[in-house]
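Student: Please take one part of this model and go through it closely. I would like a single connected answer that also places the part in its surroundings.

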Amino acid sequence: MPHLDIEEICAQYGDTRVLDAVSLHIERGEVVSVIGPSGSGKSTLLRVLMGLTPPTRGTVRLEGSVIDYRSRASMRSARARMAIVFQQYNLFQNMTVLRNVTLAPIAVQKRGPLEAEQDAIRVLEKVGLGDKLSAYPDELSGGQQQRVAIARSLALRPEILLLDEVTAALDPELVQEVLCTIRALARDGITLLIVSHEMSFVREISDRVVMMDAGRIVEAGPASEIFNAPRVPRTREFMRRLG
Amino acid sequence: MSGVLEQARALFSQDNVLFVLAAMGRTLMMTLLGCALGFIAGMLLALLRRSTRSYLAPVRLIAAVYVELFRRIPFLVILFIVLFAIGPIAPDASLFTIAAVSICLLATAFLSEIVGAGLDSVPTTQVQAAEALNLGRLRTLRYVVLPQAWRVILPPAIAFGVMFIKDTALASQMGVVELTFAGKVLVNRGVAPALGFGLILLCYFALSYPLTRLGAHLERRLATSRH
Amino acid sequence: MSYQFDFGPAFGSVRYLIRGAGLTLVIAFVSFWLGAVIGLLGALGKTRGGASLRRAIDGYVVFMTNTPALVQVYFIFYGLPSVGITLAPLTAVLIGLVLNSGAYLTEIIRAGVLSVPKSELEATEAIGLTRLQSVRYVVIPHVLRTVYGPLVNFFVLLVLGSSMAALFGVEELTGRAINISTTNLRTIETFIIVALIYVALTLCAQLALTAAGRRSLYRARPAKRSAYV
């Protein structure tokens with residue numbers, strides 16, 4: 001059974017159809033990357049999966065069970081197993097790094113504060129920020145903030161991690177540190193759905209690559225195929241433009 | 001000029017001083033009561049207006065109408081309406097209660113706008129992150145929104161409090177023994193009006209000015225730090 | 001609650017009340033404009049005057065904005081007779097409101113004057129405008145745009161604040177409401193209608209003034225010789 005089964009998902013912003021019958025199956029532990037031009041609906045897909053934007057049609061199944069985006073209970077249980085990292089990190093500005101990471105485990109998952117803290121410290125050390133526990137977000141660089149955001153979503157031990165253009169807002173020097181972190185996550189076997197512009201990284205890390213354009217999936221296949229021998233003209237054009 | 005000095009000495013008799021101090025206390029109490037209750041009710045209204053559940057839509061409409069209405073009615077008119085409306089409901093209500101109810105009605109409307117602006121000032125990106133982390137609306141409010149919103153809420157709330165101390169003067173019309181009423185009483189007792197009301201003006205100043213300074217000071221401090 | 005609502009008598013007196021609303025608007029209007037004159041002088045004094053002038057204006061502003069307008073009017077109305085000046089109620093209210101408004105408007109206008117960015121003023125020097133020209137073409141438009149909103153808000157507050165005149169027997173909207181309700185005994189209904197009239201007045205005033213402001217302050221003027229160099 002696929003870990004995440006996306007079937008004919010449609011979404012709208014006002015009159016514009018942002019997602020048009022998108023279907024995708026993701027196996028456990030797979031690293032799937034979504035590429036495509038701006039406005040193709042890549043980020044919207046992730047937002048829809050997390051329930052931040054309601055789908056107008058289609059079904060999403062998490063390990064077989066349907067996620068009902070209109071039911072709060074269903075959303076809650078889905079969000080307990082999926083996590084998202086945003087392009088703008090979206091850290092809580094009024095809390096330290098440590099608190100940002102421990103808040104949800106303590107308040108939502110009801111874990112003991114000591115256990116949650118130890119866990120958080122472990123995750124933060126893993127992303128290389130063990131020495132910044134009591135810093136506030138505005139004292140950190142973009143790359144550091146993004147790694148805290150990743151740590152924050154990892155603290156909930158999700159089965160699936162959605163990464164929405166997480167390096168797009170960073171200065172080039174800071175991109176590498178975040179990519180390193182993601183590489184480590186992929187090695188750990190967590191199921192990853194990555195939206196990214198970093199083509200070489202996508203090529204290196206993905207099991208499968210999906211190309212989207214105008215709200216539709218244009219082509220999907222193994223990374224080597226998509227990058228070396230794309231079948232669909234649109235994909236070829238996109239690749240060519242990337243040089 | 002000796003007449004003025006004598007008058008001043010008569011003015012500051014122990015009786016009068018205690019009386020005015022008590023009236024000052026009443027004014028302060030009305031303001032605090034109104035602002036405290038108005039703040040709580042105002043926050044509830046602000047939260048209600050921002051809820052997303054569909055069954056709350058009529059409540060949201062009522063709340064919006066309430067706020068827009070009560071911010072556009074003079075306090076004096078509110079006092080009169082409450083004064084006459086409360087008769088059938090609670091005929092034994094004291095004048096103070098009538099004033100207090102009117103104060104709360106007004107304060108709720110104004111403070112709900114102030115609180116609402118504070119709530120809206122927290123970037124939605126953080127609220128979305130909280131939603132994605134399964135925090136739920138209540139916990140998001142408690143851990144993420146309110147700790148950041150209060151900085152935006154406090155200065156205008158204090159400014160409102162200052163405006164409110166002055167509005168309570170109208171409650172004197174109801175016969176509530178607050179500061180303005182005390183002035184009228186003093187004049188009735190024979191104090192020269194200029195002296196009497198002059199003193200009352202100074203008392204209001206003593207109550208209001210420190211609050212104004214506090215508000216200005218807080219506004220400066222809160223604008224800089226974030227945590 | 002066994003109160004029987006009867007809006008009949010109140011509806012019958014609507015025309016009487018509306019005339020009172022007219023006086024309300026006049027009071028607000030007069031207080032606003034005379035107060036604005038004071039406000040302008042005060043703002044100028046505070047931004048350009050010497051230290052003692054600044055302190056005097058400060059004292060005036062701080063005192064008037066931290067004490068209730070009602071008591072200020074009581075002071076004027078009941079206090080002045082002892083120095084031989086007896087005023088009609090409406091006059092006393094107007095004087096009080098004008099002095100009160102002057103203080104608030106001083107602050108509003110001063111904030112507007114201070115809001116002109118130094119960079120714009122430096123730019124006018126750089127392109128060679130005289131002081132007068134820079135005031136006319138840069139400072140005034142900027143100040144007008146900044147203060148317009150706060151001024152509209154203040155006017156609305158004045159419309160509401162004019163109700164205090166009723167306590168001195170002036171027959172503006174609230175005063176007339178008090179008059180009627182003593183005769184028709186339908187106080188709740190009368191005051192509810194009066195409240196709604198105030199809401200209507202302030203809403204219309206706010207919407208109309210805001211729309212007018214947007215049109216005249218922000219409209220790009222293509223063909224006509226523009227004030228915006």
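Tutor: Helix H8 (residues 173–184) and helix H9 (residues 187–218) of chain C have axes that come within 9 Å and cross at roughly 160°. That angle makes H8(C) roughly antiparallel to H9(C), since angles under 35 degrees count as roughly parallel, over 145 as roughly antiparallel, 65 to 115 as roughly perpendicular and the rest as oblique. Axes here are lines fitted to C-alpha atoms, for helices over the stretch in contact, and angles run from 0 to 180 degrees between N-to-C directions. Helices (H or I, at least four residues) and strands (E, at least two) are DSSP runs, numbered from the N terminus.

The model is predicted: local features need pLDDT of at least 70, side-chain atom pairs count only at pLDDT 80 or more, and totals for chains, interfaces and linings use all residues. Residues are numbered from 1 along each chain as its sequence is written, while chains are lettered from A and ligands numbered from 1 in the order in which they are written.

H8(C) passes H9(C) in a right-handed crossing; a crossing is left-handed if the near helix is turned anticlockwise from the far one by less than a right angle, and right-handed if clockwise. From H8(C) the contact uses C:Leu173, C:Thr174, C:Ala177, C:Ile180, C:Ser181 and C:Asn184, and from H9(C) it uses C:Thr187, C:Thr190, C:Phe191, C:Val194, C:Ile197 and C:Tyr198. Two residues are in contact if their C-beta atoms, placed from the backbone, lie within 7 Å. By class, the contact of H8(C) with H9(C) has seven nonpolar, five polar and no charged residues. Ala, Val, Leu, Ile, Met, Phe, Trp, Tyr, Cys and Pro count as nonpolar, Asp, Glu, Lys and Arg as charged, and the others, Gly among them, as polar. An α-helix has 3.6 residues a turn, so residues three or four places apart point the same way.

H9(C) also has a partner in chain B. The contact of H4(B) with H9(C) has eleven nonpolar, one polar and no charged residues.

Of the two pairs of chains in contact, chains B and C share the most contacts. Chain A and chain C do not touch, and their nearest C-alpha atoms are 28 Å apart.

Helix H4 (residues 69–79) of chain C is mostly covered, with nine of its eleven residues buried. A residue is buried if 20 or more other C-beta atoms lie within 10 Å of its own, exposed if 12 or fewer, and partly exposed in between, with C-beta atoms placed from the backbone. Among the buried residues of H4(C) are C:Leu70, C:Gln72, C:Tyr74 and C:Phe77. Their cover includes helix H8 (179–188) and helix H9 (193–224) of chain B, together with helix H5 (89–114) and helix H7 (131–161) of chain C.

H5(C) also packs with helix H2 (residues 14–48) of chain C, at an angle of about 45° with the axes 6 Å apart. H2(C) is thus oblique to H5(C). The crossing of H2(C) and H5(C) is right-handed, and their contact has 15 nonpolar, eight polar and two charged residues.

As for the whole chain, chain C has nine helices and zero strands. Its radius of gyration is 22 Å, well over the 17 Å that the globule rule gives for 229 residues, so chain C is more spread out than a compact globule. The radius is taken over C-alpha atoms, and the globule rule is 2.2 Å times the number of residues to the power 0.38. The C-alpha trace of chain C spans about 75 × 50 × 30 Å along its principal axes. Of the 229 residues of chain C, 38% count as buried.
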